[in-house]
Amino acid sequence: MAIKGQIYDVSQSRMFYGPGGPYALFAGKDASRALAKMSFEENDLTGDISGLGPFELDALQDWEYKFMSKYVKVGTIQKKDEEGKEKTEDSTNTGEEASATTVGETSRSVEEKTIQTIEKKDVADGDAAKEE
């Protein structure tokens with residue numbers, strides 16, 4: 001899940017962000033606008049925060065602080081400029097097609113990265129359970 005272009009590993013809270021969880025619709029997306037507006041509307045599931053008011057921006061900042069303190073940042077959303085070159089997304093994300101880049105990896109979608117992280121965590125939890 002991403003906020004303001006920063007991707008966080010929320011797999012430790014899969015009961016909230018995983019399949020069937022109350023916030024599962026946020027997983028694999030930059031949910032900045034939805035969090036700022038406290039919205040579950042599909043059209044708000046974007047990183048585009050243009051036009052938000054001061055109260056919404058304050059709410060978004062609170063969410064960002066919460067994620068920074070609770071979850072590990074695993075990447076930054078990248079988007080391509082007019083020339084097809086990747087550039088780092090800033091906090092005024094326009095919601096255009098983006099890909100996630102983490103250190104030492106090639107670009108892939110945020111959703112694919114989130115699913116893969118959850119799968120790895122499930123495998124690791126299964127191995128730990130076998131050892132007990």
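Guide: Asp44 is buried, with a relative accessible area of 6%; buried means under 20% relative accessible area, exposed over 50%, and partly exposed in between (1.4 Å probe, protein chains only). This is a predicted model, in which local features need pLDDT of at least 70 and side-chain atom pairs count only at pLDDT 80 or more, while totals for chains, interfaces and linings use all residues. Residues are numbered from 1 along each chain as its sequence is written, and side-chain values use heavy atoms, with hydrogens and water left out.

Visitor: With which residue does Arg33 form a salt bridge?

Guide: Side chains of opposite charge can pair when their charged atoms come close. The criterion is a side-chain nitrogen of Lys or Arg within 4 Å of a carboxyl oxygen of Asp or Glu. Arg33 pairs with Asp44, their closest N and O atoms being 3.8 Å apart. Arg33 lies in helix α2 and Asp44 in the loop between α2 and α3, so the pair ties together parts that are eleven residues apart in sequence. Helices (H or I, at least four residues) and strands (E, at least two) are DSSP runs, numbered from the N terminus.

Visitor: Which residues are linked in a network of salt bridges?

Guide: The network links Arg33, Lys37 and Asp44. Lys37 meets Asp44 at 3.4 Å, N to O. Arg33 is buried, with a relative accessible area of 15%, whereas Lys37 is partly exposed at 35%.

Visitor: How many salt bridges does the structure hold?

Guide: It holds three. One of them joins Lys4 and Glu64, with the closest N and O atoms 3.0 Å apart.
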